[in-house]
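Here is a short walk through one structure. Keep the sequence and the 3D view side by side as you read.

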Amino acid sequence: MGRGVAVVTGASSGIGAATARRLADEGFDVVVGARREDKLREVADAIGARAMRLDVTDDDSVAAFCEQVGECRVLINNAGGALGRDSVADADLDEWQWMYDANVLGVLRMTKALLPALEASGDGHVVNVGSIAGHEAYVGGAGYNAAKFGLRALTKVLRLELLGRPIRVTEIDPGMVETEFSIVRFHGDVDKADKVYEGVTPLTADDIADCITFAVTRPSHVNVDTMIVLARDQANASTVHRHR
Ligand SMILES: NC(=O)c1ccc[n+]([C@@H]2O[C@H](COP(=O)([O-])OP(=O)(O)OC[C@H]3O[C@@H](n4cnc5c(N)ncnc54)[C@H](OP(=O)(O)O)[C@@H]3O)[C@@H](O)[C@H]2O)c1
């Protein structure tokens, strides 16, 4: 028997793509969204998912996407990321604005739009992909820290406000995961991105997809609240052991 519809945002790469694959394996009817339609379609075609263009920073795009979704039991708010590692003194306002829009308002837009369908399913579940950066500040992280701390506040309030209704709320907070994350953060500078993972065994997108899948496949009365998952080589947001 199917497990119902699972929507995964930001599924054209990294954690979102891996999660879409794992949820399809588990019997969910998966719907994926992201901006790069060619990459998204590749992910979707391999697992028989529905793919639709989605920009979580755009009200109209979110409305059009969610209208097409129809029934929905699980929403994985994964789309997001970081831009830059400037100090507060040198902060780029446009980058901060994008980080807040994608990581916080994007989750808000998607959640607002799909809450009625999640509730109507009788067993809804919202999973927000936060970060260790939402728990701990680090030098050069302020814009991303502010966004992921903000997301954590949203998640916590949502959990309180939905209490008594048939919708679970979970936040999965990874540390260092090797995806396109750092390439995006450093504006396409692959050498700089590679240095982030140099000498370290980072988490993979599949590791986080496993955690998300664990949370959404627990019995309905079990609400995994927050899961912080770091590589063995990473003790906290800014303390990393490098083998060489
Ligand atoms: N990698 C890490 O170390 C790490 C650690 C902690 C938390 N996270 C979080 O994990 C999530 C996934 O990141 P990732 O590591 O898998 O990085 P990634 O490979 O860069 O994936 C990010 C995904 O988000 C999508 N996306 C970005 N902006 C979007 C928008 N406006 N509308 C719709 N989709 C959008 C991207 O697709 P398009 O470009 O095609 O739209 C892509 O599919 C993010 O929320 C990130 O903050 C990552």
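His187 is found in the loop between α6 and α7 (190-196). Helices here are DSSP runs of H or I with at least four residues, strands are runs of E with at least two, and both are numbered from the N terminus. This is a predicted model, where local features need pLDDT of at least 70, side-chain atom pairs count only at pLDDT 80 or more, and totals for chains, interfaces and linings use all residues. Residues are numbered from 1 along each chain as its sequence is written, and side-chain values use heavy atoms, without hydrogens and water.

Is His187 buried or exposed? His187 counts as exposed because its relative accessibility is 53%. Exposed means over 50% relative accessible area, buried under 20%, and partly exposed in between, with a 1.4 Å probe and protein chains only. The backbone of His187 also deserves a look. Its phi is positive, about 55 degrees, although His187 is not a glycine. Most residues other than glycine have a negative phi.

Step back into helix α6, and you find Ser182. Ser182 has 3% relative accessibility, so it counts as buried. Between Ser182 and Ala147 there are 16 Å in space, C-alpha to C-alpha, and the two are 35 residues apart in sequence.

Now turn to the ligand. Which residues are closest to the ligand? They are Ser12, Ile15, Arg35, Tyr144 and Thr179, out of 32 residues that surround it. A residue belongs to these surroundings if one of its heavy atoms lies within 4 Å. By class, this shell has 14 nonpolar, 13 polar and five charged residues. Ala, Val, Leu, Ile, Met, Phe, Trp, Tyr, Cys and Pro count as nonpolar, Asp, Glu, Lys and Arg as charged, and the others, Gly among them, as polar.

An N or O atom in the side chain of Ser12 is 2.8 Å from a ligand oxygen. Asp55 has a polar side-chain atom 2.9 Å from a ligand nitrogen. For Lys148, a polar side-chain atom lies 3.1 Å from a ligand oxygen. The elements that give two or more residues to the shell are α1 (14-25), α4 (93-120), α5 (142-162) and α6 (181-185).

Helix α4 also holds Asp101. Asp101 is buried because its relative accessible area is 18%. Its side chain makes a polar contact with the side chain of Arg109, at 2.9 Å. Such a contact is a pair of N or O atoms within 3.5 Å; within protein, one must be able to donate a hydrogen and the other to accept it, and residues adjacent in sequence count only if both atoms are side-chain atoms.
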